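Thanks for making the time this morning.

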Amino acid sequence: MSATQLVERAESVARRVVETAQTATDLESLREIERTASDELAAVKTGIGSVEGADRSTVGKALAAAQATIAEVVGERRAVISAAASASQLAAERLDLTALGNGSLRGHLHPVTQVWRELEDIFCGLGYQVHEGPEVEDDWHNFEALNFPPGHPARAMQDTLYVNLGEPEQVLLRTHTSPMQIRLMETQEPPIYAIIPGRTFRRDTPDARHSPVFHQIECLVIDRDVTMGDLMGTIEVFFRALFGDVESRFLPSYFPFTEPSAELAVSCPFCEKTGCRTCSHTGWIELGGCGMVDPNVLQACNLDPEEWSGFAFGFGIDRIPLLRNQIDSLQTLLWDNDLRFLRQS
Ligand code: DAH
């Protein structure tokens, strides 16, 4: 073949590739076009050996130009085919998750958990630490160190659930959060400013006002020269943060671990003490107990009552969301898991 024919051959191979590459729709057929073109150009290259010296560079340049054109065209087409292939794979594998998300309800915390967290926030704001303690307790922490000696009549009022472990009636489900007073005094140097929210248990048949599992929050302050005034002031501040503009009331009462002791009530936030169904027409809602930590309790924890004094209070959490939602007695509503009720708050 003459030099002119070889140049034309190289150019025509390149032209053909430019046209046919556009029609290739998959990588395999593109590869076939490339392979055929490269065989044909190899023949052109062999032909260089048979032309005159002066024409060799002309044919060589035409060959290089054809190779460059082919590489560019094939490269571009390969990119297009690959992009289309991965787009169609993505489309084929796409999972439609919108059906699940559309219109589904956002959950929210249980009303009791909301109050629990709010209580923690209020006391953290007053500089208290939040603690939690074991739900399975021993007799020492739940009773004895709290000044309930064996056979003490106040023990019988606590309807204890015992755990079948160790000595009979020594391991139990805590009947109140007060045992954490002892655990804190045993392990921490005063001053102590602590609250302990938690689950508590008593042998009760569930009904509108009772549940064998319920929640309490305990507060313990141990410092020098703590007075009943500090206790009352703290409760006042705290009740106002929780219920708004209410009064607190302290009625003399008895708990073995506090002396003096008082029953704790708030003025009814619904009727402003004029009397309504929620407060059983008394104007007051009883929430729990409080008092000055008994010296016997301090001594049981190796604290010197001459040096340290303190106050404590404890009350049920479960009534609070009910009071706030003006539901007077149906505590079971909280635990029935009836979504019509739970979705409201
Ligand atoms: N633990 C008591 C109960 O469950 C409530 C209580 C009363 C806690 C007086 C206190 C307190 O901290 O000082 O009946």
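This is a predicted model: local features need pLDDT of at least 70, side-chain atom pairs count only at pLDDT 80 or more; totals for chains, interfaces and linings use all residues.

**Strands, charges and cysteines**

Let me begin in strand β10, where Ala312 stands opposite Gly291. Residues are numbered from 1 along each chain as its sequence is written, and side-chain values use heavy atoms, with hydrogens and water left out.

Strand β9 (residues 284-293) is joined to β10 by 5 bridges, and the two run antiparallel. A word on terms: two strands are said to pair if DSSP finds at least two bridges between them, and the helices (H or I, at least four residues) and strands (E, at least two) are DSSP runs, numbered from the N terminus. β10 also pairs with β6, again in the antiparallel sense, over 8 bridges, and in that pairing Ile222 stands opposite Gly310.

Gln216 counts as buried, at 11% relative accessibility. A polar atom of the Gln216 side chain lies 2.9 Å from the backbone nitrogen of Thr177. Leaving aside neighbours within four places in sequence, Gln216 is in contact with a list of residues that includes His176, Thr177, Ile196, Pro197, Phe315 and Gly316, where contact means heavy atoms within 4.5 Å.

There is also an open sheet of 3 strands, in the order β2-β4-β3, with antiparallel pairing. Its edge strands are β2 (136-138) and β3 (161-162), each of which pairs on one side only. β3 and β4, the latter spanning residues 171-173, pair in the antiparallel sense over 2 bridges, and Tyr162 stands opposite Leu172 in β4.

Now to the charges. The structure holds 13 salt bridges, each defined as a side-chain nitrogen of Lys or Arg within 4 Å of a carboxyl oxygen of Asp or Glu. Glu137 lies in β2 and Arg183 in helix α8 (residues 179-187), so the pair ties together parts that are 46 residues apart in sequence. Is Glu137 buried or exposed? Glu137 is buried, with a relative accessible area of 3%, whereas Arg183 is partly exposed, at 24%.

A second example sits in helix α2 (residues 27-48), where Glu28 and Arg31 lie 3 residues apart, about one turn of the helix. Their side chains meet in a salt bridge, at 2.8 Å from N to O. Glu28 is partly exposed, with a relative accessible area of 45%, and Arg31 also counts as partly exposed, at 38% relative accessibility. Glu28 and Arg31 are linked with Glu32 and Arg35 in a network of salt bridges. A further pair is Asp245 and Arg240, whose side chains meet at 2.9 Å, N to O; Asp245 counts as exposed, at 73% relative accessibility, and Arg240 as partly exposed, at 37%.

What about disulfides? The structure holds 0 disulfides, taking a disulfide as a pair of cysteine sulfur atoms within 2.5 Å. Cys276 is buried, with a relative accessible area of 16%. Cys290 is likewise in no disulfide, its nearest cysteine sulfur, that of Cys219, being 10 Å away, and Cys290 is buried, at 1% relative accessible area.

Finally, the overall layout. The domain assignment of the chain gives domain 1 (3-93) and domain 2 (111-342), with bounds that come from an automatic or database domain assignment. The C-alpha centres of domain 1 and domain 2 lie 87 Å apart.

Note on methods: Buried means under 20% relative accessible area, exposed over 50%, partly exposed in between (1.4 Å probe, protein chains only). A polar contact is a pair of N or O atoms within 3.5 Å; within protein, one must be able to donate a hydrogen and the other to accept it, and residues adjacent in sequence count only if both atoms are side-chain atoms.
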